[in-house]
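Subject: Structure handover

Hello,

Here is the structure we talked about. Please open it and keep it beside you while you read the notes below.

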Amino acid sequence: ENAWLWLASISEYPEELLIFLNNVLEVNPDNARAQEWMKQTKSLLAKTFVQRGIDASKENQSDFAKQCFYQAAAHDDTNEMAWLWLASVSNSVEEKVVHLNKAISINSENEDAQTALKAVHQEMADTLLQKAFAAEAEGDTLTAGELLKEVLQKSPEMADAWMLKAKIADDTSEKIRYSEKVL
């Protein structure tokens, strides 16, 4: 245990340091010094990978950036910047939502993550609304209604969604109620 800890103390490379610390913890899982060094090293590696990812993102190397952000999160899953940046380079809105929610679960006060999540929800609502308009145009009011339900869950203030909902409503009182929502 002491030999591995000594090697860890003189290690120049974080990856090597992690190997030595893992060996210490394999011998003695309760070694407080090794646990703390491990935590600090993983945090440092995560920050390094985040910076590499940011640099790659700025150079339009989104695949490499994404790999860096995943590496950062693997080393320190509480690094909110890794999750926030990972959302920014993700290709699907579903991935973005997952990553932004992770950042918010780490820091509920993260305004950048909250703003980005609202924008993603708005993008999803816009896409669903276009599908609802298309379904209504084809005479499929049932599908349009189901899509509108999802739209209004994501963006309850969307006037166009309420207008379409009023248009496809069967009951006059519903048409009026939905129209009033627009106002």
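Which residue forms a salt bridge with Lys 167? The partner is Glu 136, and the closest N and O atoms are 3.5 Å apart. Lys 167 sits in helix α9 and Glu 136 in helix α7, so this pair ties together parts that are 31 residues apart in sequence. Lys 167 counts as exposed, at 53% relative accessibility. Glu 136 counts as buried, at 18%.

One caution before the rest: this is a predicted model.

**Salt bridges**

The structure holds 2 salt bridges. Another is formed by Lys 66 with Glu 95, with 3.3 Å between the closest N and O atoms. This pair links distant parts of the chain: Lys 66 belongs to helix α4 and Glu 95 to helix α6 (residues 93-106), 29 residues apart. Lys 66 is buried, because its relative accessibility is 15% and the cut-off for buried is under 20%. Glu 95 is partly exposed, with a relative accessible area of 28%.

**Helix α9**

Back to the helix that holds Lys 167. Helix α9 covers residues 159-168. Its buried residues are Ala 161, Trp 162, Leu 164, Lys 165, Ala 166 and Ile 168. What covers them includes α7 (111-137), α8 (141-154) and α10 (172-182).

**Aromatic pairs**

A search of the whole structure finds 3 aromatic pairs. One of them joins Trp 162 and Tyr 178. Their ring centres are 5.8 Å apart and their planes stand at 35 degrees, so the pair is tilted. Trp 162 is in helix α9 and Tyr 178 in helix α10, so the pair ties together parts 16 residues apart in sequence.

**Asn 79**

Look next at the loop between α4 (62-75) and α5 (80-89), where Asn 79 is found. Asn 79 counts as buried, at 10% relative accessibility. A polar atom of the Asn 79 side chain lies 3.0 Å from the backbone nitrogen of Ala 82. Leaving aside residues up to four places away in sequence, Asn 79 touches Ala 46, Lys 47, Val 50 and Ile 106.

**A charge over a ring**

Last, find Phe 49. Arg 52 lies over the face of Phe 49, at 5.1 Å from the ring centre.

Best wishes

Terms used
Residues are numbered from 1 along each chain as its sequence is written. This is a predicted model: local features need pLDDT of at least 70, side-chain atom pairs count only at pLDDT 80 or more; totals for chains, interfaces and linings use all residues. Side-chain values use heavy atoms; hydrogens and water are left out. Buried means under 20% relative accessible area, exposed over 50%, partly exposed in between (1.4 Å probe, protein chains only). Helices (H or I, at least four residues) and strands (E, at least two) are DSSP runs, numbered from the N terminus. Contact means heavy atoms within 4.5 Å. A polar contact is a pair of N or O atoms within 3.5 Å; within protein, one must be able to donate a hydrogen and the other to accept it, and residues adjacent in sequence count only if both atoms are side-chain atoms. A salt bridge is a side-chain nitrogen of Lys or Arg within 4 Å of a carboxyl oxygen of Asp or Glu. Rings of Phe, Tyr and Trp (its six-membered ring) pair if their centres lie within 6.5 Å; planes under 30 degrees apart count as stacked, over 60 as edge-to-face and the rest as tilted. A charge sits over a ring if NZ of Lys or CZ of Arg is within 6 Å of the ring centre and within 35 degrees of the ring normal.
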